[in-house]
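Subject: Handover of a structure, with notes

Dear colleague,

I am handing over the structure below, and my notes on what was found in it follow. Please read them with the structure open beside you.

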Amino acid sequence: MSYYQPGILATPVPAQARHLFFALASVEALPQAIDSLLMLVDGKSAVVGFGESLTKALNVEIAGLRSFPALTGFGVNNPSTQHALWIWLHGVDRGELLNRCNAIEAALAPALRLVEMQEAFRHMDGHDLTGYEDGTENPHDDAAVAAALLSSGADGLVGGSFAAIQQWQHDLKGFHRLSAGAKDDIMGRRLSDNEEIDDAPISAHVKRTAQESFAPEAFVVRRSMPWIEGDRAGLMFLAFGFSLDAFEAQLRRMSGLEDGIADGLYQISRPITGGYYWCPPLKDGRLDLRALRIG
């Protein structure tokens with residue numbers, strides 16, 4: 001029986017994490033690399049997602065998988081930095097994650113080349129570096145399963161999920177110069193008690209992304225984590241869904257493509273990456289790659 005990669009829905013988000021992004025370098029070497037991948041990942045401490053370019057290299061189409069769109073909205077840009085393979089490493093020790101990253105990189109060569117890596121971490125039990133709680137409106141339990149996982153389809157697809165990833169870089173110095181009220185108006189919640197503000201501006205992030213306000217409703221499960229690199233910092237936004245449509249609907253509205261009103265979040269942050277990935281289910285404790293005609 002197919003089942004999902006447990007790291008997708010495990011709560012809380014890990015204490016430490018690494019996002020690894022790989023480019024395809026050798027199609028001929030792919031079979032050996034995928035064999036190695038199956039031995040090194042468990043779906044719990046390492047969640048795996050395949051990009052469209054990698055499935056095409058295997059002459060396979062995964063229904064619903066596409067590349068991340070570069071969306072230009074009203075004064076905002078959402079770049080696409082799509083890669084062939086993404087691996088989300090979970091852990092509690094940065095050194096252990098480094099060693100595991102190096103082992104995976106070596107095992108996947110020469111078929112797949114590590115081209116980008118970003119560390120992330122849990123902050124204040126699930127808060128963004130702005131201080132606001134992330135994922136307040138996440139569905140839970142059965143609702144999370146329904147939002148994040150494909151519940152029907154062919155063998156090797158049920159239990160799968162689609163991941164949307166954007167690295168956002170914050171202007172934290174500028175944000176913290178704002179008044180408490182201006183900050184709350186950007187987010188649509190009060191920092192003091194995390195309560196939604198009824199009369200917040202229509203540009204408030206909470207109002208732009210209210211999942212129940214879309215038709216159809218656009219529920220996703222967010223597993224975002226902060227990142228810091230030198231004097232740069234922000235949020236590794238990560239959302240899982242049974243399709244990519246819900247996330248994309250939210251992003252289009254945030255960008256002002258629905259009504260010309262851009263999300264207030266863009267005033268203090270900007271996305272610098274963007275990618276879509278298909279996360280296969282598990283079967284007998286290993287990645288179920290039947291949809292890729294493997295295994």
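Phe68, with which I begin, counts as buried at 4% relative accessibility, where buried means under 20% relative accessible area, exposed means over 50% and partly exposed covers what lies in between, using a 1.4 Å probe and protein chains only. Please bear in mind that this is a predicted model, in which local features need pLDDT of at least 70 and side-chain atom pairs count only at pLDDT 80 or more, while totals for chains, interfaces and linings use all residues. Residues are numbered from 1 along each chain as its sequence is written, and side-chain values use heavy atoms, with hydrogens and water left out.

Aromatic pairs

A search of the whole structure gives 13 aromatic pairs, where rings of Phe, Tyr and Trp (the six-membered ring of Trp) pair if their centres lie within 6.5 Å, and planes under 30 degrees apart count as stacked, over 60 as edge-to-face and the rest as tilted. In one of them, the ring centres of Phe68 and Phe247 are 6.1 Å apart and the planes stand at 45 degrees, so this pair is tilted. The two partners come from distant parts of the chain, 179 residues apart: Phe68 sits in the loop between helix 2 (52-57) and strand 3 (71-72), and Phe247 belongs to helix 8 (residues 245-254). Here helices (H or I, at least four residues) and strands (E, at least two) are DSSP runs, numbered from the N terminus.

Phe247 is itself buried, its relative accessible area being 6%. Phe247 also pairs with Tyr276, this time edge-to-face, at 6.0 Å centre to centre and with 85 degrees between the planes. That pair again links distant parts of the chain, since Phe247 lies in helix 8 and Tyr276 in strand 12 (residues 275-279), 29 residues apart. Tyr276 has a relative accessible area of 0% and is therefore buried. Elsewhere among the aromatic residues, Phe21, Trp86, Trp88, Phe240 and Tyr277 form one cluster.

The chain as a whole

The protein chain has eight helices and 14 strands. Its radius of gyration is 19 Å, close to the 19 Å that the globule rule gives for 295 residues, so the chain is as compact as a globular protein of that length; the radius is taken over C-alpha atoms, and the rule is 2.2 Å times the number of residues to the power 0.38. Along its principal axes the C-alpha trace spans about 55 × 40 × 35 Å.

Buried residues make up 55% of the 295 residues. Of the contacts (heavy atoms within 4.5 Å) with a separation of 6 or more, 79% are between residues 24 or more positions apart. The chain exposes about 13100 Å², of which carbon and sulfur atoms supply 52%; accessible areas come from the Shrake-Rupley method with a 1.4 Å probe, and for residues only the protein chains shown count as cover.

As for charge, there are 25 positive and 37 negative side chains, and the centres of the two sets lie 4 Å apart. Lys and Arg count as positive and Asp and Glu as negative, with His and the chain ends not counted, and each charge is placed at NZ of Lys, CZ of Arg, CG of Asp or CD of Glu.

Loop residues

Ser45 lies in the loop between helix 1 (30-40) and strand 2 (46-50) and is partly exposed, with a relative accessible area of 25%. Leaving aside neighbours within four places in sequence, Ser45 is in contact with Trp88, Leu89, His90 and Arg100, and its C-alpha atom is separated by 5.8 Å from that of Leu89, 44 residues apart along the chain.

His140, in the loop between strand 6 (112-121) and helix 4 (141-148), is exposed at a relative accessible area of 55%. The C-alpha atoms of His140 and Val221, 81 residues apart along the chain, are separated by 8.5 Å.

Backbone geometry

Pro110 is in the loop between helix 3 (94-108) and strand 6, and Pro216 in the loop between helix 7 (205-208) and strand 8 (221-222).

Met124, although not a glycine, has a positive phi of about 50 degrees and is placed in the loop between strand 6 and helix 4. Asn194, likewise a residue other than glycine, has a positive phi near 65 degrees; Asn194 is found in the loop between helix 6 (180-187) and helix 7, and counts as buried at 17% relative accessibility.
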